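Let's walk through this structure together, starting with the overall layout and ending at the metal site. Please keep the viewer open as you read.

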Amino acid sequence: MNKKQIVDKLEEISLYLEITGENPFKIAAYRRAGQALEIDRRSMATIDDVGAIRGIGKGTKRVIEELMETGESSVLNELREKIPGSLLELLKIPGLGGKKTGKLYRELHVTDLETLQAVCEKGRVRALPGFGEKTEEKILKALKERSRRPQELSIAYMADLAENIESVLEKVPAIGRFSRAGSLRRAKEMMKDLDFVLETADPEKTADGILEILPVAEVVVRGESKMTVHLSDPYRVSVDFRFAEPATFVTTLNHFTGSKEHNVLMRHLAKARGEKISEYGVEKEKEPVRTFSSEPDFYRYFGLNPVPPEVREGTDEVDLARRGPLGLLKLSDIKGDLHMHSTWSDGSYTIEEMADAMRAKGYAYACLTDHSKSLRVAGGLSEYRLMQQLEEVARVNARYDDFTLYSGVEMDILPDGTLDYDDEVLRQLDFVIASIHSSFSQNRLAIMKRMEAACRNPYVRLIAHPTGRLLGRRRGYPVDVARLIQLAKATGTALELNASRRRLDLSAKWVRQAQDAGVKIAINTDSHSIKMIDDMALGVQTAVRGWIRPETVLNTLPREAFDTFLRGRKPV
Ligand SMILES: [Zn+2]
Ligand SMILES: [Zn+2]
């Protein structure tokens, strides 16, 4: 377990304790332990005695050690048995903390959102000490807003679910190959449901095997060719599992990957040749149904170069694939990651652990880019700490001969348009990223003034997560992206496609425009933990949706060429 996961578990324990009405000192002890861990600059693997950290007592030390050894906590497990987990959902209602939730649970036997709604409607909540009529009204209003289930959910949310489902599918012996299909396979930002295609000769056993492990709220359809379930997550996401025999796996996958518009283009093409495409294969009169061993083979059969799922949107992909290879970016083109955090700011792992993980990923280089001094909530580095960090980067870097760790920083662009460090500091770093983390409510003019200042600085090589959006959760600040692209072009500044599943910003539409304008894109994971490094795949998928070619992407450069790039100067 990494630090973030342990801190989350400690927080969960303290919430449960609040709900049970435990004594406040015990609750505070867990909170304090979590904070102590967060403040400590080491990762879990490099702390040899958690008990020695100020703020961690005997009891909490035992819990932390158990979590580290087993990934579980007997204290937490006991609490979970005693208290319905659905109560934690209540905590997402504004104004309801652990204490109030505890009262509702103990006094009114509220166990989930539905029972909460019922007691509110009966006017019983206002009678509880510490609640009142206003609170009751507020809770009801929040409940109504929540029940308006969003039409579409973000890829961040859905990819998490999909990963859980995939770990289940791996455990079911009746399943051979399997793949994501539908919108998720095409890496759309928002989607309604999940689709998987499974290779199996035994649909019955497959369905049983899945239902045995996967937490499901409801089985909607169960048949020979598919099963549809609603998961037991808060949105009850609908998942389609399509069953295919080995021979038809590829055509089934192609069919259910879509998009519908792309499938229409392909059917037209087939029709013109007197053929018919379906999920079962390609049919021609008096000939046996044709199946394929791979999707590229399927496209080649129709005289097309392979069309990756991400661009199957029914625009001009079929025409272009007829003319020649699409030449789009592949995950294997990526040679390094230029944006990551360590325990020196708000990351969960040490510099050395992050660098090792990047190298293990097969990269030739990575840039360490912790936060700058003004971002205090994220442990931003003072000039002094940053200079100390340079020494640590040099020490770590000396361990490798097949990998380079570059020094860098993610520097805040301050609300008044100044930058968080002087040029004197910046010029000592290999790679400087600038980004906005504050005053999102400024108007477009003020935001663009900040962007321009960063682009015009000779040491700033990249603008990170340029719009500041969080998919499905936060719009970001009002940036004029078209203007930013012009500025980036004029100043030789690169723009980021932040691969973190929560951001994916710039979006496909904008990276495509940036590429057309001749602006370089860097695809970076902004990793705060080792697991996040894997989000590069989603970043590359988003880039492919934007028709990005490898030569547009800064971090496809081999190490020597990237070195040369770093030594070069901006034309400002
Ligand atoms: Zn950032
Ligand atoms: Zn960052």
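Domain bounds here come from an automatic or database domain assignment. With that in mind, the protein chain of this predicted model is divided into four pieces: domain 1 (3-147), domain 2 (153-244), domain 3 (257-323) and domain 4 (331-567).

Now go to the start of the chain. Helix α1 (residues 3-20) packs with helix α2 (residues 24-39) at an angle of about 165°, and their axes are 9 Å apart. Angles over 145 degrees count as roughly antiparallel, and α1 and α2 are therefore roughly antiparallel to each other. Their crossing is left-handed. Over the whole contact of α1 with α2, the residues divide into ten nonpolar, two polar and six charged.

Next, turn to the metals. Which residues coordinate the zinc ion (ligand 1)? The donors are E410 through OE, H437 through NE2 and H465 through NE2, at 2.1 to 2.2 Å. Along the sequence, these donor residues follow the spacing E-x26-H-x27-H. E410 lies in strand β12 (residues 404-412) and H437 in the loop between β13 (431-435) and α19 (444-456), so this pair ties together parts that are 27 residues apart in sequence. E410 also coordinates the zinc ion (ligand 2), and the zinc ion (ligand 1) and the zinc ion (ligand 2) are 3.4 Å apart.

Methods:
Residues numbered from 1 in each chain as written. Chains lettered and ligands numbered in written order. Predicted model: local features only at pLDDT ≥ 70, side-chain atom pairs only at ≥ 80, totals over all residues. Heavy atoms only, no water. Axes fitted to C-alpha atoms, helices over the stretch in contact; angles between N-to-C directions. Helix = DSSP H or I, 4+ residues; strand = E, 2+ residues; numbered from the N terminus. Parallel < 35°, antiparallel > 145°, perpendicular 65-115°, else oblique. Left-handed = near helix turned anticlockwise from the far one by under 90°. Nonpolar A, V, L, I, M, F, W, Y, C, P; charged D, E, K, R; others polar. Donors = N, O, S within 2.8 Å, 3.2 Å for Na, K, Ca; no water.
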